[in-house]
Amino acid sequence: MEQENNEKRMIRKIFPLLIAVVMIPVAAAGYRAVYRIVGRSAGDFFYPYLQAAKIPVRFLSDKTLLFSTRTELAARVEHLSRVNTQLAAQAASAGELMRENSVLRSRLKLKARPQWKYINASVLLRDPLRWQEHLTIDRGTRDGVQPGCAVIICDASSTPVLAGVVSSSGLHTSVVNTVYNPLVRISARIGGKSVGFINGSGRHGSDGSVPIDYLPASSSCLPGEAVVTTGFEHRIPGGIKIGEFSALAMSDPVLFDSPSRSGAVKVSFDPNMLRFVTVAVPDTLGDSSR
């Protein structure tokens, strides 16, 4: 009998605790629901009163404009124009920072190639008269950069794209000729089949395209096919994208009286966006026997 009484007393002590444990989450959920309902109702109820407080401000602002003189209005318009110009400049600067951030992120994803190393560089100078064809970067022989090295950038998918070739190097800086420069003459493969030479005839390109010359007469290249480097040049890796084949010209006997063909390649980078580049340097650069 005494044991039963003890059990009943124990149950009476534990039962309130169990009820409290169950009621705490129920009360919390109910509080959130009531809080949302009351918040929405209060917002709808007080909305007319909150809006009414703004009406006199708008009214006085409108009347102030009506009583302003032409000189005062002109001064306000000029001030607002200056503010708009500043905001537009800030927006443009933010957009430029976003593009730079995208370029730098794509460089981080650039995959290493066997027997090659990458040297990151920034563009120091651009020649206004040869804006698309010529630039100077802040890396030189001290960093391992030598004439003939490939200068690449990365597109949005982190695919390396050939931007140009180093033409001369100093201790701390190097001059780069882009693929738009007729002096840059390199071999290129179209769609894994036909091989020609970018700027082979020294002609200038146009509308974002560069010429490709000395293609075999039997070439059947199609527009849109990828154009990549062959790797025949000692300091230019093979398989680097140059652009896409866009057109094939008529046959023209230009090389040893052999019929060959020319075409155009749509370059895969915008020269106006060149601010950061990467130089591909072979690890065997110091081997003068090659």
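How many aromatic pairs does the structure hold? In this predicted model, the structure holds two aromatic pairs.

**Y180 and F269**

- The ring centres of Y180 and F269 lie 5.7 Å apart and their planes stand at 70 degrees, so this pair is edge-to-face.
- Distant parts of the chain are linked by this pair, since Y180 sits in the loop between strand 5 (174-178) and strand 6 (186-190), while F269 sits in the loop between strand 12 (258-267) and strand 13 (276-282), 89 residues apart.
- Y180 has a relative accessible area of 8% and is therefore buried, and F269, at 6% relative accessibility, counts as buried.

**F197 and Y214**

- F197 and Y214 make up an edge-to-face aromatic pair, with 6.3 Å from centre to centre and 70 degrees between the planes.
- Because F197 belongs to strand 7 (residues 194-198) and Y214 to strand 8 (residues 209-216), the pair ties together parts that are 17 residues apart in sequence.
- F197 counts as partly exposed at 37% relative accessibility, and Y214, with a relative accessible area of 28%, is partly exposed.

**A charge over a ring**

- R126 lies over the face of W131, at 4.2 Å from the ring centre.

Notes. Residues numbered from 1 in each chain as written. Predicted model: local features only at pLDDT ≥ 70, side-chain atom pairs only at ≥ 80, totals over all residues. Heavy atoms only, no water. Phe/Tyr/Trp six-rings, centres within 6.5 Å; stacked < 30°, edge-to-face > 60°. Helix = DSSP H or I, 4+ residues; strand = E, 2+ residues; numbered from the N terminus. Buried < 20%, exposed > 50% of the residue type's maximum accessible area, 1.4 Å probe, protein only. Lys NZ or Arg CZ within 6 Å of the ring centre and 35° of its normal.
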